[in-house]
Number of protein chains: 2
Amino acid sequence: MPKRVDHEERRRQIARALWRIAAERGLDGASLRDVATEAGISLGQLQHYFTSKDDMIVFALRHIAQLAEERVRTRIEALPGAPTPWVILRETLAEMLPLDDASRTGHLVQISYFVRAVHDERLRTHAKEGTAALRGFFADQVKAAIARGEVAADRDPVGEATLLIALTEGLSSEVLMETLAPQEAMGLIEAHLARLFSGGQGIPGGPGSPGSPG
Amino acid sequence: MPKRVDHEERRRQIARALWRIAAERGLDGASLRDVATEAGISLGQLQHYFTSKDDMIVFALRHIAQLAEERVRTRIEALPGAPTPWVILRETLAEMLPLDDASRTGHLVQISYFVRAVHDERLRTHAKEGTAALRGFFADQVKAAIARGEVAADRDPVGEATLLIALTEGLSSEVLMETLAPQEAMGLIEAHLARLFSGGQGIPGGPGSPGSPG
């Protein structure tokens, strides 16, 4: 009787191998065979899950998006009380910056993807899905803040969401290049957020208020 | 008598070859030999100018920075009257977005560099020089705008410069990935600039005034 394979566990095993390679030397030079070796399986077994390097990178991308989502959720759930839109935005943006090894590796995987997708229309469709989801999530927070009178009603939620994401991605690149210290990047995001929120009817002060720009 | 070589012309010839390769397929997979072939010279002749792929990419990076600077200067000189800080910032940021083939290729070269530099400290020193120069130029414009009463005096010029650059780089990535239309990216930059400038004592209206956010 052939050995039963737990596909979900096998996928996780491959994802972890991809992650280690991405963290150590980047996925750019990694072949399917390298990943199979790292995961301790044969090339044939690996090809059961994906047949090309592009498939592998999309798989890694989805895996890191999932991990990032879990980190954000854990972070927000650890906060006392019901989190406000401002807090949700701040915590999510902080998690997007390469401030620790996990998000740094996530960024390196994204860059490997980016470099290939820029020349490949099929591969870019995944970016479109991911960006739409992230932008929608941020736009919902801005809408909620407008409804609470914390952000001026004439701000466009989708435009503000796009600005916040672009800003954080640009600052992330600077942190990775060491042209900006992580705490400076976070300070600039906080300053931008504080201004976005200062356009409303005012935010109640006291504990939990966003405070002044760093 | 050996043929005299015009080193400056030879460098330009190599730079043009690098540019063509970057535009067509990216520098990631290109070897020194590929570049020599494209430039119509021997590998030995090429190695007179740089001996490694890293040197070649830094050379390409400096070349594109120079071309971008020239494009910005031409663009600003073509404007009527003395350009204000607001106009200089807007035109420079517009030139940084991948809105045409030249700046798109420039971005692709920068990405090739980025991917290597993120794993290489020596290579990152070039990013530090380039970023310091660009940030200083933008900070000077913000300082001038503060002196003219167009930007609130409590804004930090270097912080605002860093935000503007990060924002434009993040939006550029979205344009390259086709998750954002070029005109949307420019609209968001104009909106951000208009808000930066709305914090001052007010900008004189009439022709040439920045107008409302897109």
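Eight salt bridges are counted between chain A and chain B. Start your tour at that boundary, and keep in mind that this is a predicted model.

**Stop 1: one bridge across the boundary**

Select A:Lys128 and B:Glu178. Their side chains meet in a salt bridge, with 3.8 Å from N to O. Side chains of opposite charge can pair when their charged atoms come close. Now look for polar contacts across the interface of chain A and chain B. Eight residue pairs qualify, with both partners at pLDDT 80 or more.

**Stop 2: the side of chain A that touches chain B**

Colour four helices of chain A: helix 6 (101-117), helix 7 (121-147), helix 8 (157-176) and helix 9. Each of these elements gives two or more residues to the side that touches chain B. Which helix gives the most? Helix 8 of chain A does, with twelve residues. Next, colour this side by residue class.

**Stop 3: the whole interface**

Show both partners together. The contact takes 37 residues from chain A and 37 residues from chain B. The size of an interface is often given as the accessible area lost when the parts come together. Here chain A and chain B bury about 3,500 Å² between them, and 68% of that lies on carbon and sulfur atoms. Select A:Phe114, A:Leu163 and A:Met177. In chain A, these residues lose the most area to chain B, and together they make up 19% of what that side buries.

**Stop 4: the second largest pocket**

Move to the second largest pocket, which holds about 590 Å³ of space. Its lining has 27 residues. Centre the view on A:Ala191, A:Arg195, B:Arg155, B:Glu160 and B:Leu163, the closest to the middle of the pocket. Then select helix 9 (182-198) of chain A, along with helix 8 (157-176) and helix 9 (182-198) of chain B. These are the elements that give two or more residues to the lining. Helix 9 of chain A supplies the largest share, eight residues. How does the lining divide by class? The count is nine nonpolar, nine polar and nine charged residues.

**Stop 5: chain A by itself**

Chain A has nine helices and zero strands. From the N terminus on, its elements run α-α-α-α-α-α-α-α-α. The C-alpha atoms of chain A fill a box of roughly 65 × 40 × 30 Å along the principal axes.

**Stop 6: a bridge inside one helix**

Finish at helix 4 (residues 53-77) of chain A. Select A:Glu69 and A:Arg73, which both lie in this helix, four residues apart, about one turn. The two form a salt bridge, and their closest N and O atoms are 3.5 Å apart. Over all chains, the structure holds 36 salt bridges.

Conventions
Residues are numbered from 1 along each chain as its sequence is written. Chains are lettered from A and ligands numbered from 1 in the order in which they are written. This is a predicted model: local features need pLDDT of at least 70, side-chain atom pairs count only at pLDDT 80 or more; totals for chains, interfaces and linings use all residues. Side-chain values use heavy atoms; hydrogens and water are left out. On a 1 Å grid over the protein atoms alone, a cavity is a set of points where a 1.4 Å probe fits but cannot get out, and a pocket is an open set with protein on both sides within 12 Å along at least five of seven lines; lining residues have an atom within 4 Å of a point. Grid points are joined across faces, edges and corners, and a volume is the space filled by probe spheres set on the points. Ala, Val, Leu, Ile, Met, Phe, Trp, Tyr, Cys and Pro count as nonpolar, Asp, Glu, Lys and Arg as charged, and the others, Gly among them, as polar. Contact means heavy atoms within 4.5 Å. Buried area is the accessible area (1.4 Å probe) that two parts lose on being put together, summed over both. A salt bridge is a side-chain nitrogen of Lys or Arg within 4 Å of a carboxyl oxygen of Asp or Glu. A polar contact is a pair of N or O atoms within 3.5 Å; within protein, one must be able to donate a hydrogen and the other to accept it, and residues adjacent in sequence count only if both atoms are side-chain atoms.
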